[in-house]
Amino acid sequence: MSLRSRALFRSTTFRLTVRYSLIFISSALILFLLAYSLLSDAVREGDRVSMAQKLREYASINQKKGLAGLVEFIRVERENYDYDEYYLRVEGPDGTHLLDLSPPDQQALPDKLPMDLPGPSIQWFFLTEGKDGDLLEMACRSLPGGGVVYMGKDASDREQLLKQFRVIFAGIMAPVALIGLTAGFIMARRMLKPIQDLIDTVQAIDTGRMDVRVPDEGADDELNELARLFNAMLDKIKSLISGMREALDNVGHDLRTPATRTLAAVEMAVATKNDPEELREALLDCAEETRRMVNMLGILMDISEAETGAMRLHLGPTDITELIAETIDLYQYAAEEKNVTLRAVPEGQLPVVADADRLRQVLANLLDNAVKYTPSGGQVEITAARVGTAVRVCVADTGEGISPEDIPRIFDRLYRADKSRSKRGLGLGLSLVRAVLYAHGGGIEVESTPGAGSRFIFTLPAADGLAPTPL
Ligand code: ADP
């Protein structure tokens with residue numbers, strides 16, 4: 001057997017086809033057999049009932065009048081009534097034939113009949129008679145005072161009819177089997193179509209076509225549900241891959257600039273004629289650019305650690321109001337430089353259990369962005385309040401805002417909505433903010449109107465609170 005045909009026989013389509021057609025063919029066969037048995041019973045029953053009745057009558061006559069009386073009764077009956085379609089034989093207790101009648105123009109029954117010592121209940125057997133091979137259906141029973149009575153009738157026509165029926169049934173079964181096989185194959189193919197589509201899609205993806213999807217048949221069954229889930233999973237993987245690709249491109253892009261500058265500084269140092277001042281300048285440039293790269297890699301690692309829960313936090317009682325004041329002081333100068341008003345709405349102490357340095361980082365990143373993306377004459381305001389079991393901090397600005405398409409992505413690593421990259425930045429600030437807050441059991445949300453400003457709102461569990469209130 002070739003590999004191909006072996007694979008075909010092992011295929012689910014083949015196995016389902018065989019199962020479906022077997023069910024179909026055997027149901028049809030059972031129906032035919034049932035119909036045949038009912039039909040043959042109905043055809044045979046009529047003859048059998050009248051022969052059995054007659055034999056019972058003969059037995060009772062024999063009981064009343066003896067064997068000679070019975071023989072006499074049958075002869076009279078035969079002469080007077082139209083009753084000559086039956087074969088009749090009466091045997092004495094010693095086996096002598098006391099009466100042997102056949103229908104007109106028919107041969108006599110053979111001397112010896114293939115039924116030894118029948119009992120008092122009626123027994124049935126078939127006999128092939130004469131040169132034409134006519135089929136006789138015979139009944140016999142013993143008589144109460146000894147002896148046996150046989151009665152028979154030509155059953156050739158009846159059996160011929162049943163034989164024709166059998167031939168017709170057999171003839172019908174062949175196309176029925178073919179229809180069963182075809183229907184089984186079509187059903188199996190139809191059932192397995194979604195799985196075949198799935199296989200085709202996986203094979204297409206294997207050849208690098210990430211945009212192929214399993215066709216949605218619109219059905220409300222499990223296989224279509226599987227196809228839909230599979231497609232949703234592919235969409236997710238595709239967006240993850242493109243996100244990773246974009247992040248990698250951005251890392252490459254953002255690392256290339258400091259790396260190129262470092263290279264230029266090194267080349268300048270090599271080209272310099274041992275002038276100590278120029279060498280120092282070049283080394284300082286190298287250090288600056290390298291620091292930039294180390295800083296970027298450090299933030300990337302911090303984000304990973306915070307997201308995976310591996311970040312080591314030095315937790316302690318921390319007052320958010322105090323941290324806000326410190327950060328405002330830090331950015332006041334930059335804000336004034338840009339003519340942006342920066343202020344915090346005063347609030348009492350708001351204690352949280354947190355890593356103060358990490359929280360400073362969070363506030364610094366949010367304030368840095370707010371000042372950076374707010375044009376001259378704008379305002380940046382920080383408010384903080386206790387809400388339920390949480391402390392809620394809001395950094396609001398009247399800056400350029402964020403477009404609705406960018407909002408779901410600004411917390412992604414290395415994502416910058418500022419496509420022109422006109423402002424300094426790595427696209428890592430908000431990712432770090434979210435990861436650090438997540439590590440503290442908090443969360444962050446953004447509301448923004450392009451051209452009108454943005455509000456970044458984060459929550460942290462309050463020092464005496466149980467759990468943060470959802471935003
Ligand atoms: P970046 O270093 O580019 O500022 P971030 O991760 O801090 O990176 O921010 C991601 C993007 O979100 C920024 O590129 C900017 O487009 C947008 N963004 C963040 N904060 C603000 C803000 N306050 N106003 C407008 N856009 C903002």
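A residue counts as buried when its relative accessible area is under 20%, as exposed when it is over 50%, and as partly exposed in between. The legends below describe close-up views of a predicted model.

**View 1. Glutamate 445, a residue of strand S11.** Glutamate 445 belongs to strand S11, which covers residues 443–449. Its relative accessible area is 38%, so glutamate 445 is described as partly exposed. Isoleucine 299 is 146 residues away from glutamate 445 in the sequence, and the C-alpha atoms of these two residues are 21 Å apart in space.

**View 2. The aromatic pair of tyrosine 36 and phenylalanine 169.** The number of aromatic pairs in the model comes to five, counting rings of Phe, Tyr and Trp whose centres lie within 6.5 Å. One of them joins tyrosine 36 to phenylalanine 169, with 6.2 Å from centre to centre and 75° between the planes, an edge-to-face arrangement. This pair links distant parts of the chain, since tyrosine 36 lies in helix H2 (residues 12–80) and phenylalanine 169 lies in helix H3 (residues 156–206), 133 residues apart. Tyrosine 36 and phenylalanine 169 are both buried. Ring pairs also connect Phe32, Tyr36, Phe165 and Phe169 into a cluster.

**View 3. Helices H2 and H3 side by side.** The axes of H2 and H3 come within 7 Å of each other and cross at roughly 160°. Angles over 145 degrees count as roughly antiparallel, and therefore H2 is roughly antiparallel to H3. The crossing in which H2 passes H3 is right-handed.

**View 4. The aromatic pair of phenylalanine 411 and phenylalanine 456.** The ring centres of phenylalanine 411 and phenylalanine 456 are 6.5 Å apart and the ring planes stand at 75°, so this pair is edge-to-face. Here too the pair links distant parts of the chain: phenylalanine 411 is in the loop between strand S10 (390–397) and helix H8 (429–439), whereas phenylalanine 456 is in strand S12 (residues 453–461), 45 residues apart. Phenylalanine 411 and phenylalanine 456 are both buried.

**View 5. A charge over a ring, with arginine 48 and tryptophan 124.** The charged end of arginine 48 is placed over the ring of tryptophan 124, at 4.8 Å from the centre of that ring.

View 6. Helix H4 (residues 222–271) and helix H5 (residues 276–308) have axes that come within 8 Å and cross at roughly 160°. H4 and H5 are therefore roughly antiparallel to each other. H4 passes H5 in a left-handed crossing. Among the residues that make the contact are Val251, Leu255, Pro258, Arg261 and Thr262 of H4, and Leu279, Glu289, Met293 and Leu300 of H5. Glutamate 289, which lies in helix H5, has a relative accessible area of 7% and is buried. Leaving out residues up to four places away in sequence, glutamate 289 touches Pro258, Arg261 and Thr262.

**View 7. Threonine 374 in the loop between helix H7 and strand S9.** Threonine 374 is found in the loop that runs between helix H7 (356–372) and strand S9 (379–387). With a relative accessibility of 0%, threonine 374 counts as buried. When its neighbours within four places in sequence are set aside, threonine 374 is in contact with Lys338, Val340, Gln379, Val380, Asp397, Thr398 and Gly399.

**View 8. Aspartate 105 and methionine 115 in the loop between S2 and S3.** Aspartate 105 lies in the loop between strand S2 (97–101) and strand S3 (123–129), and methionine 115 is found in the loop between S2 and S3 as well. At 80% relative accessibility aspartate 105 counts as exposed, whereas methionine 115, at 16%, counts as buried. Apart from its neighbours within four places in sequence, methionine 115 is in contact with Gln123, Phe125, Cys140 and Tyr150. The C-alpha atom of methionine 115 is separated by 112 Å from that of asparagine 295, and these residues are 180 residues apart along the chain.

View 9. Most residues other than glycine have a negative phi. Asparagine 339, a residue other than glycine, has a positive phi near 60°. Asparagine 339 is in the loop between helix H6 (320–337) and strand S7 (341–344), and with a relative accessible area of 47% it is partly exposed. Aspartate 105 is not a glycine either, yet its phi is positive, at about 65°.

Definitions and conventions
Residues numbered from 1 in each chain as written. Predicted model: local features only at pLDDT ≥ 70, side-chain atom pairs only at ≥ 80, totals over all residues. Heavy atoms only, no water. Phe/Tyr/Trp six-rings, centres within 6.5 Å; stacked < 30°, edge-to-face > 60°. Helix = DSSP H or I, 4+ residues; strand = E, 2+ residues; numbered from the N terminus. Buried < 20%, exposed > 50% of the residue type's maximum accessible area, 1.4 Å probe, protein only. Lys NZ or Arg CZ within 6 Å of the ring centre and 35° of its normal. Axes fitted to C-alpha atoms, helices over the stretch in contact; angles between N-to-C directions. Parallel < 35°, antiparallel > 145°, perpendicular 65-115°, else oblique. Left-handed = near helix turned anticlockwise from the far one by under 90°. Contact = heavy atoms within 4.5 Å.
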